[in-house]
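Here is a short note for a first look at this model. Please read the points with the view open.

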Amino acid sequence: MAEALLRLHDVKKYFPLRRGWLRRPGWLRAVDGVSFEVQTGEIFGLVGESGCGKTTLGKTILGLYRPTAGAITFKGRPIHALPPAQARALRREIQYVYQDPGASLDPWWTVGRSLHEPLVVHTRLSRRERQARVEEMIHAVGLESAHLRRYPHEFSGGQQRRLGLARVLVLNPSLVIFDEPTSGLDVSVQATILKLFKELRARFRLTYVFISHDLSVIRLMCQRVAVMYLGVVVELGSTAAIFDTPRHPYTRALLAAIPRPVVAPEGDEGPLLEGEPPSAQQLPGGCRFRLRCPLARQDPCARLEPPLAEVAPGHWVACHFADTVPSAAS
Amino acid sequence: MSAFLKQLYADRLAFAGLLIVLALGLSALLAPALAPYPEDVYDIHPAQRLQPPSRQHPFGTNHMGADLLSRVLFGARITVVIATVAVGSALLVGVPIGLVAGFYPGWASELLMRLADVFLSLPQAVLAIAIAQTLGPSIPNVILALSITYWPWFARVVFAEVRSLKNEVFVEATQALGVSPWRTLLLHVLPNVATPIIVRSSIGMGYTILTAAMLGFLGLGAQPPTPEWGREIAEARQYLPEAWWYATFPGLAIFVTVMGFNLLGDGLRDVLDPRLRRGRP
Amino acid sequence: MSSAPPVLEVRDLCLRFHTDQGTVEALDGVNLRVLPGEILGLVGESGCGKTATARAILGVVPAPPGEITGGRILFGGEDLLRLPERELARRIRGRAITLIPQDTLGALNPVFPLRTQLLDVLRWHPPEGDGGLWGLLRRYGRRWRRQALAQILALLRQVQLPDPEGALAKYPHEFSGGQRQRLLIAMALLPNPVLVIADEPTTALDVTIQAQILRLLRRLVKERGTSVLFITHDLGVVARLCDRVTVMYAGQEVETAPTAALFTRPAHPYTQQLLASLPDHRKEELEGIPGVVPSLIDPPRGCRFHTRCSQARPECALTRPPERLLAPGHTVRCHLY
């Protein structure tokens, strides 16, 4: 098998909790031992609810956060402990699209100047060459050259997504990480934006990591999906495996909770999760999901944290009962 | 730019402030040409001492017989020089400290900001008096005293702004693009904190002029016969209340100038407020 | 059910906003009816006027810049648009019609504990009628307080807030987003209103929490027979919660149908394209709606959707289509029918 484009091995990112001066009552374990690989050319989905650590993980891959432990390799080269200058140079290859691309542009700069900036920083292109590249990209995302003279707040939500994409694509990266790329968009706009993402991926041979809480978008876009819960991956596999034969009780509950535009008979909503996730500052011992899990037992769930184990080729689940869970399709 | 002036014009008080500041600048620049008796800054005419305002001497004369209008106009020069140099150097020291301390949290930044807090906790006037007293009365020492007491204001304001800007997505996004921290600091952060700096500078000019006049009044600033406003008032004291004009006109000059800078500063705050500017339609 | 007179009927509501750029024709003849005990979904994309409609019903359109230029809002036999503000505040808003807002933190006062805020709801909007100044004074007494707290606790248990007694002493920020939304549901139901307006109450929540809240809300209002006007942009939420749906586009209602009928037999081209835009993994290609929502400063005449409609005819640009009845309870405004 070809070398994976991106490989994470047991990546952890803890944030110190501070209360007052110098006292450290503990750590916030935002990402707590995540391993997966992203193959060249695929769209890899990272899905979970707020606070599950998916955004922290994205920013750790990018190098904005330095992992507390673990290794990240990109094109076979370790990138988790690069000195700052090299880490910055690497951003030519790995780019990040923020949830609100409008806010990721300097409000005092014209859009054109913001689009030039990555090229100024990373290349020695002349002004004219840069302009040509910027115009190529602004057209590629479906905007016009005249838009370059405007300011970020003059654009609508959908246009801002396009701008955010144009800004990272001018560098011709190989990996693009999207953080909640469609949240806050109306569905009719979302549809066109997702279509654009797919077109650009084919045209520029990109690899995407899609971070989202929206399972229907993930299902539509991704080839493989990792489901995160409180800092760990609880289930990993092909989109078909995750959505058709989910094995982890959390994945199943998550799928049942998606509001679908289909009217179900009264009361037939499937299993709904009770309660809310515990704080990542005070995780329960054993399996993190056991407090909300319909299958949880005292032993082994409260005692052992289940490892991510392969239950079918390419389908990994972190549950003590992964084999006994009826793999009924949803 | 024209939109900016238009908005400033709409705010009548701010516009009045702007006019006052412009007038101050003009009188400082053109004092030799505007003053009816430019030589009176150094000459004495004992025969004409303490004359009330008249056609020849619109502001009257002082106890040396010098024309007060001329002296007030030349005083504007001194005031402008003191205030500009003092606020300018306070800017040069305070803004970089605030920028760096706000952008790079750590013990060094913490130390710098605590130092600024120490300066801020002392009453500015008392500190300036102490410094001027120690170094000896002269205009350069006044400027030094004023800049030493004023830089922490800039450092504080800029520090607070940079701290909150650091949480803005677009600042983090520059990091995500691989922009070097210095470039981010100079090209993204600094322009975004320009507004509070400008506003603070304008108000700071007023404060500085007031403190400078106070130092002059206490005899810690300019020495005779320099026509510094504060010193003029100090000298005029012994001739009150008979020679009311002697203290009144330098005093009015101080009052109007300080008010001008304050009005302008307040107006600029409203006009330059990025929240109003960035407001989505 | 359809024979019972509606709880709320909005007829030809027109609303303008006067702005620096021009006059925004935010609502242009909106019609909707909420029947007793039903949950009506009001669906549309951002800027379509859903929230403006809710504000007009509650009588909280900021004027200026807003101006209601026509229409009627009939509630309990009265036209709310003709009711003086004093009457609206005393009898209607927060009493007979309550609101579940989207911003859970902003809707609660951060400096008062929950107990104070919930007691105030009952104190100022008592379900039994207010009894004037004496009534108000009585509601500061100890006996009333004991009864009111019992009533509040019962409701907090119904919304399944963990540890209701302890919760009363807490401040809003001490609750999670999902718990705060439960609180706000309790708060909205406390005066025993006839109609609850819910403005995107679950948009900021995670899906598993959203599912809990929706199930809870549906159960509670059905038990009490309260009518709900549920504003949302999420068609999935509509499918899960609502009995009937009214779809809005650019300040006009375009289609009203029982929920099942809307998803199986959408009639208006806008509704059809909106449904086609939903991410569906079974489809090869996603279809968005071509074009952009028109500016409401100079909106298209006739059917406002005609600028983006693939089936538009000449008459679509001339007159707004009348309401056509397709099936019982299913009406559409489109010249195709």
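1. Which residues of chain B make a nonpolar surface patch of about 390 Å²? They are B:L26, B:L29, B:L30 and B:L34. Such a patch joins nonpolar side chains (Val, Leu, Ile, Met, Phe, Trp, Tyr) within 5 Å, from residues with over 30% relative accessible area and no salt bridge. Areas come from the Shrake-Rupley method with a 1.4 Å probe, and for residues only the protein chains shown count as cover.

2. B:L29 sits in helix 2 (residues 12-34) of chain B. B:L29 counts as exposed because its relative accessibility is 63% (exposed is over 50%, buried under 20%).

3. The model is predicted: local features need pLDDT of at least 70, side-chain atom pairs need 80 or more, and totals for chains, interfaces and linings use all residues. Residues are numbered from 1 along each chain as its sequence is written.

4. Chain C and chain A bury about 3000 Å² between them, 56% of it on carbon and sulfur atoms. That is accessible area (1.4 Å probe) lost on being put together, summed over both. Zero salt bridges are found across this interface (side-chain nitrogen of Lys or Arg within 4 Å of a carboxyl oxygen of Asp or Glu). Helix 8 of chain C gives the largest share of the side of chain C that touches chain A, eight residues. Helices are DSSP runs (H or I, at least four residues), numbered from the N terminus.

5. A:K54 is in helix 1 (residues 54-62) of chain A. A:K54 counts as buried because its relative accessibility is 6%.

Methods: Chains are lettered from A and ligands numbered from 1 in the order in which they are written. Side-chain values use heavy atoms; hydrogens and water are left out. Patches are made of residues with over 30% relative accessible area and no salt bridge: like charges are joined within 9 Å, nonpolar side chains (Val, Leu, Ile, Met, Phe, Trp, Tyr) within 5 Å. Helices (H or I, at least four residues) and strands (E, at least two) are DSSP runs, numbered from the N terminus. Buried means under 20% relative accessible area, exposed over 50%, partly exposed in between (1.4 Å probe, protein chains only). Buried area is the accessible area (1.4 Å probe) that two parts lose on being put together, summed over both.
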